[in-house]
Amino acid sequence: MTIGNVDTTVWPGGRSGPTRMHRRSNAAGGSVHGLLAPIFALPLLLPACAPPDPTPMRSIATAPFGTTSAGDAVTLFTMTNPAGIEVRAITYGGIITTLKTPDRDGNLDDIVLGFDSLEPYDAGSPYFGSIIGRYGNRIARGQFTLDGETFTLATNNGANHLHGGDIGFDKVVWTGEPFERDDAVGVVFTYTSPDGEEGYPGTLEVRVTYTLTDAGELIFDYHATADRATPVNLTQHSYFNLAGTAADDILGHELTIDASRYTPVDTTLIPTGELAPVEGTPFDFLSSTAIGSRIDDDHPQLAAGLGYDHNYVLDRTDADGLQRAAVVYEPFTGRTLEIRTEEPGIQFYSGNFLDGTITGKDGRIYGHRSGFCLETQHYPDSPNQPGFPSTVLRPGEEYSTRTVLIFGVGG
Ligand code: GLA
């Protein structure tokens, strides 16, 4: 099947059932599979007609990924780029289930935590790989006042509201539409959050686009509109371990965060309102530092978070352009992850609540600090913090923010 003037449809096998893949052709404009189709001709054709394709192709494939306990069918999208980077994402929570990138020797490995099937996600996961909303991070006591009216949200983290409540955007089934461009493939996820969902005011129309570019970037574009004023703070909650699937903890990863200040928290991880300097503290990642080098220092804020679980105030040179927020380097594999964002903050969570009780992909046990999250965002509890940048979206306005993950190798 021809799509545009270059694509052909192939039907690869797969354990998830029939898969439709729109795949770019080779440089000669034909399908490699098509050239090899007459099996009897293989020995004759191979030397002359089927040279190894020097250019891996970009592709986007769609397959079923099971049914939720509520009976909703879930779809899996598999995106690949010419460098072999592979991103798998499902319509349940917009969850990135798999993310394979090359190490310095070109070996591909999965660098995110997650599950092999839908059931454990549906049964309850610590937000592995998911879209977070309507409000990423905590809102104190699940309450805020907006335009003189007080709203009460679901409290699902002690006395506080966390990551959208009992059924946040990570636990709903989104609509997913795959796309392919000249330089990228991706999926557009859409969801309508009804008025009153988890206590939030107004209907929110949300669109989150994942784009995997040929240049090795994974772009998250978040859009939302509301018919009533509401706080909105969307983010992505992938847990990374750049060392790959055989790795243990993430303490050897070397991290840079472009932030001179962070927002200290109380014992329930609600910001005190202060923007404190990182200088002279274990929170200083202005130059590349191993995550584990100070994580167990005697510092009241590390005690509060049981490690790092803090929002950093990014050193922005303009209000909302795309700027570098963080870089991570994993010394054994050489993998690097750079994060650029239009957001004012980034939550660095060092996987402190992972404790070996979750068994993930391929039977892997996720031990203490076996993954880290870097969640671009507005600051936690902004609806109750007049000194923080506003998170209120009003009718007629558009919430629009971009974060880019850039995968590479170094060292
Ligand atoms: C966020 C929070 C953490 C924790 C994780 C999920 O990153 O900041 O405290 O709740 O999600 O376990």
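The predictor's confidence in each residue, from 0 to 100, is called pLDDT. The chain averages a pLDDT of 89, and 86% of the residues score at least 70. This is a predicted model, in which local features need pLDDT of at least 70 and side-chain atom pairs count only at pLDDT 80 or more, while totals for chains, interfaces and linings use all residues. Residues are numbered from 1 along each chain as its sequence is written.

Over residues 1-48, pLDDT stays under 50. Where pLDDT is low, the predicted coordinates should not be read in detail.

The chain contains 4 helices and 32 strands (DSSP runs numbered from the N terminus: helices are H or I of at least four residues, strands E of at least two). Of its 411 residues, 44% are buried, that is, 20 or more other C-beta atoms, placed from the backbone, lie within 10 Å of the residue's own.

Strand E6 (residues 86-90) is largely enclosed by the rest of the structure, because 4 of its 5 residues are buried. Strand E5 (residues 73-80) runs antiparallel to E6 and is joined to it by 5 bridges; strands pair if DSSP finds at least two bridges between them. Phe 77 has Ala 89 in E6 as its bridge partner. E5 and E6 form a hairpin with 5 residues between them, where Gly 84 in the turn has a positive phi of about 95°. Strand E7 (residues 96-102) is also antiparallel to E6, with 4 bridges, and Lys 100 in E7 is the bridge partner of Glu 86.

Key:
A residue is buried if 20 or more other C-beta atoms lie within 10 Å of its own, exposed if 12 or fewer, and partly exposed in between; C-beta atoms are placed from the backbone. Two residues are in contact if their C-beta atoms, placed from the backbone, lie within 7 Å.
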